[in-house]
Amino acid sequence: MADVATIGEQIEDDEVQEILKTGTDLRQYAAQIEKEFKEVENRSIDDYIKESQNIANLHNQIGNTSNILERMESMLMDIQDALNNISTEITSLQKKSVSMSVQLTNRQSIRAQISQFVEDMAVPEEMVASIMDSPVTEKEFMAHLNELNHKLQLMKELNFKESKSSQDVSDVLQKLKIKAMSKLRLYLMEQIYKFRKPMANYQIPQNAMLKYKFFFEFILSNERAVAQEICNEYVDTMGKIYYSYFKSYSTRLAALKFEEAVSKDDLMGLDDSAPKSIFSKTSSLKNKSTVFSIGDRGEVLNQQLEAPIIVPHAQQKFRYAYEALFRSEQYALVDNACREYLFVTEFFILRGPQAQELFNQIMGKTTTLLIKNLETYVQDCYDTIALFLCIQLCLRYQLMCHKRCVPALDKYWDNLQAVIWPRFETVFRMNIQSIQDCDPTKFPKETGPHYITRRYAEFSAAIVGISENFPNELVSHLLLELQEEVKCFMLRMAAIFTTRKEQLIYLINNYDLVLGVLMERTRDNSKEAEAFRELLSTRSAEYVEEILAPHLGGIIQFVKDCEQMRDKEQTEELKRQERRSLQLVANFSANWKKSLEDLNREVFLSFPSLVTGSQLLQLALAQLVQYYHKFYKLLTPNARAQLVNIHVIMIEIKKYKSNY
């Protein structure tokens with residue numbers, strides 16, 4: 001509108017300016033304009049008069065429309081009020097719906113709990129009839145017994161909370177509990193009494209009890225006095241059964257032991273050919289070497305470790321070494337004790353110290369009996385190998401028990417070893433002392449292996465072989481003491497020979513025997529084998545020098561003297577040795593073949609072992625060739641020309657090469 005006014009003013013201004021330019025009279029112009037306005041007004045009045053009816057109609061229509069709009073406004077206001085009321089009602093209904101939903105959820109939860117509670121508290125007729133009349137081994141009775149146990153546990157909780165609802169069924173449940181306890185006690189006692197029947201296989205009732213182990217769990221949770229009664233009856237019954245069985249079994253096993261026992265006269269250093277007093281006992285063994293050699297006895301630690309136990313009445317014609325009987329007895333104990341411990345922990349629901357205590361109550365008397373039997377045997381035992389095998393059996397069976405998850409016998413194994421170890425050490429040291437007390441002058445002068453050496457070799461190999469899987473510091477120390485004593489004995493024995501060569505032959509034969517046995521029965525790298533291998537090597541080198549001396553003594557001395565002169569740069573003195581060298585060359589050329597034959601014969605006559613003899617001969621020939629080479633280098637050209645060609649000597653030496 002402001003723009004239109006501005007335009008009008010601009011037009012008027014233009015007209016005014018136009019008028020001013022033309023010089024028109026403004027009064028006339030104003031009158032003219034007034035006249036035009038009147039004409040326009042009159043025409044407008046006429047137009048209004050002509051349209052009056054329409055205007056009146058329009059006015060009426062506008063009035064009607066206004067009334068309609070008023071009514072519509074009133075209706076819309078009513079609708080708005082109604083919608084407001086509906087929104088309020090919807091909100092209220094929504095709140096009521098949420099509240100009702102929560103109430104419904106709570107009621108459903110309470111209903112489920114109340115239903116479960118009512119179900120738990122109610123005592124069905126079927127359960128009463130089953131508990132009262134059904135045999136305990138039927139599935140129906142077992143199912144209702146579980147249900148009864150649940151109700152009894154619930155009643156205990158309610159009684160603790162002083163709930164009045166428990167009073168309604170307390171009397172009925174107590175009567176059912178008493179009836180169930182009576183039937184379960186009778187059944188379990190019957191199973192326990194089955195153990196007492198002669199020749200009964202107690203594994204059968206044990207398996208039956210394990211099948212219904214919930215019976216004891218029910219009794220334990222509801223009446224500890226009855227559970228203790230059943231447990232005591234089982235402990236008393238099984239304790240007597242095991243004790244009776246092992247007492248009888250041990251007695252019958254003892255009858256299968258070798259009648260020829262090792263005695264104090266069977267020590268390593270004692271001479272079995274020495275005369276004895278008429279009051280002394282004769283040698284307990286026909287062949288004393290069996291005391292120190294293990295033979296097949298070591299099989300108790302390998303194939304026989306889990307072999308079936310010895311049945312005395314079926315094997316009365318056989319006789320066994322003590323360790324075989326000990327193995328059978330201990331394996332029987334391992335089988336029974338492991339089974340018993342696993343049964344006790346599962347059926348009586350025990351773990352840790354409680355299981356150990358109950359197991360000790362059952363097996364304690366039996367283990368004490370076996371320990372006493374071992375003590376009786378050990379106090380007069382001189383069989384070191386048997387004692388050591390028994391120690392190893394204890395270690396292996398203890399490991400077996402651990403693999404079966406049974407630690408209950410650990411103390412028993414420790415007690416057995418506590419009995420055996422002191423006696424083992426005592427007898428071992430008695431053998432060492434017997435060697436120390438030997439008088440070499442009482443033995444014949446024989447360069448072959450001594451029987452004490454053979455005994456030591458077999459015994460040492462046996463102990464080392466047995467202890468490879470379970471090394472022991474005490475055993476290693478005792479073996480070292482024995483080894484040192486035997487080496488001292490060998491040197492004392494060698495001293496009775498007048499010549500060094502005989503002494504060396506004796507030492508080599510004995511060292512070779514020990515080394516051969518050790519390498520055959522034990523690892524090649526054992527400490528004992530290494531010690532005697534070094535001794536054998538040293539004495540063999542010394543022996544070679546001894547046997548070469550009669551045949552090459554002059555050449556050997558010549559080589560040593562000349563090498564010494566050469567080292568001192570005594571050139572003139574070396575030149576004066578040509579005459580001496582020519583005599584040695586002539587002597588060697590005349591006798592070298594005979595020397596080889598003599599060496600071969602002497603070596604093989606001195607050593608019973610063809611392998612040892614062959615090795616020593618080859619060592620001697622190799623040393624001979626070495627001295628020959630040194631001798632050749634020290635000769636003058638004139639002397640070398642007269643010396644036998646080395647190739648000729650080597651061809652001859654090859655004839656003495658053996659296949660041993």
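Predicted model: local features only at pLDDT ≥ 70, side-chain atom pairs only at ≥ 80, totals over all residues.
Let's start with S244, which sits in helix 9, residues 224-254; helices here are DSSP runs of H or I with at least four residues, strands are runs of E with at least two, and both are numbered from the N terminus. With a relative accessibility of 45%, S244 counts as partly exposed. The cut-offs behind that word are these: buried is under 20% relative accessible area, exposed is over 50%, and partly exposed is in between, using a 1.4 Å probe and protein chains only.

Residues are numbered from 1 along each chain as its sequence is written, and side-chain values use heavy atoms, with hydrogens and water left out.

Now step back to the whole chain. Its secondary structure is 22 helices and 0 strands. Of its 660 residues, 40% count as buried. Take the contacts (heavy atoms within 4.5 Å) between residues at least 6 apart in sequence, and 76% of them join residues at least 24 apart. The accessible surface, from the Shrake-Rupley method with a 1.4 Å probe and, for residues, only the protein chains shown as cover, is about 38700 Å², with 54% of that belonging to carbon and sulfur atoms.

Over in helix 11 you'll find T367, which is buried at 13% relative accessibility. Its C-alpha is 8.7 Å from that of L333, a residue 34 places away in sequence. Leaving aside neighbours within four places in sequence, T367 touches L409 and Y412.

Q206, in helix 7 (residues 203-211), has a relative accessibility of 3%, so it counts as buried. Again setting aside neighbours within four places in sequence, Q206 is in contact with F195, Y234, M238, Y242, R339, E340 and F343.

Helix 4 (residues 125-133) shows how burial can be arranged around a helix: its buried residues are M127, S130 and I131. They span an arc of only 95° around the axis, so they lie on the same side of helix 4; the arc is that of the directions from the helix axis to the C-beta atoms. The general rule is that an α-helix has 3.6 residues a turn, so residues three or four places apart point the same way. On the face of helix 4 turned away from the buried side are the exposed residues E125 and D133.

I349, in the loop between helix 10 (322-347) and helix 11 (352-378), has a positive phi of about 55° although it isn't a glycine. I349 is partly exposed, with a relative accessible area of 43%. C405 is another residue other than glycine with a positive phi, this one near 60°. You'll find C405 in the loop between helix 12 (384-403) and helix 13 (410-436), and at 59% relative accessibility C405 counts as exposed.

Finally, look at how helix 20 (residues 610-634) meets helix 22 (residues 646-654): their axes come within 12 Å and cross at roughly 175°. Axes here are lines fitted to C-alpha atoms, for helices over the stretch in contact, and angles run from 0 to 180 degrees between N-to-C directions. That crossing makes helix 20 roughly antiparallel to helix 22, a label for angles over 145 degrees. Helix 20 brings L621, V625, Y628 and H629 to the contact, and helix 22 brings I646, I649, M650 and I653. By class, that's 7 nonpolar, 1 polar and no charged residues, where Ala, Val, Leu, Ile, Met, Phe, Trp, Tyr, Cys and Pro count as nonpolar, Asp, Glu, Lys and Arg as charged, and the others, Gly among them, as polar.

Notes. Parallel < 35°, antiparallel > 145°, perpendicular 65-115°, else oblique.
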